[in-house]
Amino acid sequence: MKFTKMHGIGNDYVYVNCLEEELPMDPGRLSELVSNRHFGIGSDGLILIKPSEKADFCMDIYNADGSRAMMCGNGIRCVAKYVYDHGMTNMTTVRIETLSGIKEIELTVKNGKVSLANVDMGLPVLLTGGGERTVTPEEAVLLTETEIWEELEVNGQTLRMIPVSMGNPHAVFFVDDVDGLKIGELGPVIENHPRFPDRTNVEFVQVVDRQHVKMRVWERGAAETMACGTGACATAVACALAGYTGRSVDVRLLGGTLNIKWKEETGHVEMCGPATEVYSGEFNV
């Protein structure tokens, strides 16, 4: 099976062009095999590039544990880069179908290759209290503090979070020191907490100033990763709702920085960052 290894600021996936390649087995099991960092290629998961009847292309994502994901912000930038750089499209605006809807990506091209991708991630959804509330510009001004925050009992302590969906669920927690955080202890407990029957992604955020935050992420089905695009978007929304930052913020992750803008006029969240192709090869199954 031919594949390409790519990453968005360290959030790495194995990409397969399913317009040309036929998968040798169930994609969940294949993701487990290729993701293994000792016996496989090594990645946070598997992303399949497929044809779409609704958009230009379709992105199908599987986590390292074989579970299927709905959306990946870093992954979709890489898919957009792949289809442009490999001559599958000559458009610098690409629409990609995902399980959480169609996303539009604006590409910045230098010397014939994509250097940056700006993704319209759509409207955020607040998940406080187990419900879903789409945060339109009108809704944003009506939200009260009690509607934004939720308490969660974790390891005998009460933690405050802001749960946000960006096509997939995120629980955003604010901490004083993200570098010293024992994420391996808290992350899996929150991911598998009874509050989240389908599990959740977990973000731990340290506010630096009104324009900058630091974030570490425990991803559902992948453990700690170098970066998470949807998590950075959820973090930016949570920071703005809590009044910690403005609507444009640089989110610094272990693998690099993403610029997130929560557009006041439309309510859409936009994510801008790089995408990198590492190498291509063949994987024997």
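A salt bridge is taken here as a side-chain nitrogen of Lys or Arg within 4 Å of a carboxyl oxygen of Asp or Glu. The model is predicted: local features need pLDDT of at least 70, side-chain atom pairs count only at pLDDT 80 or more, and totals for chains, interfaces and linings use all residues. Residues are numbered from 1 along each chain as its sequence is written, and side-chain values use heavy atoms, with hydrogens and water left out.

Across the whole structure, 16 salt bridges were found. One of them joins the side chains of Arg29 and Glu32, at 3.9 Å from N to O. Both residues belong to helix H1 (residues 27–35). They sit 3 residues apart, about one turn of the helix. Helices (H or I, at least four residues) and strands (E, at least two) are DSSP runs, numbered from the N terminus. Accessibility was classed by relative accessible area: buried under 20%, exposed over 50%, partly exposed in between (1.4 Å probe, protein chains only). Arg29 is partly exposed at 41%. Glu32 is partly exposed at 34%.

A salt bridge also links Glu139 to Arg133, with an N to O distance of 2.6 Å. Glu139 is partly exposed, at 23% relative accessibility. Arg133 is partly exposed, with a relative accessible area of 26%. The side chains of Glu224 and Arg216 meet at 2.9 Å, N to O. Here Glu224 is partly exposed at 28%, whereas Arg216 is buried at 13%.

Open space was examined next. The largest pocket holds about 340 Å³. On a 1 Å grid over the protein atoms alone, a pocket is an open set of points where a 1.4 Å probe fits, with protein on both sides within 12 Å along at least five of seven lines. Grid points are joined across faces, edges and corners, and the volume is the space filled by probe spheres set on the points. Lining residues have an atom within 4 Å of a point.

The largest pocket is lined by 17 residues. Closest to its centre are Leu127, Glu132, Pro169, Arg195 and Asp198. Strand E12 (157–165) and strand E13 (169–174) are the elements that give two or more residues to this lining. By class, the lining comprises 6 nonpolar, 6 polar and 5 charged residues. Ala, Val, Leu, Ile, Met, Phe, Trp, Tyr, Cys and Pro count as nonpolar, Asp, Glu, Lys and Arg as charged, and the others, Gly among them, as polar.
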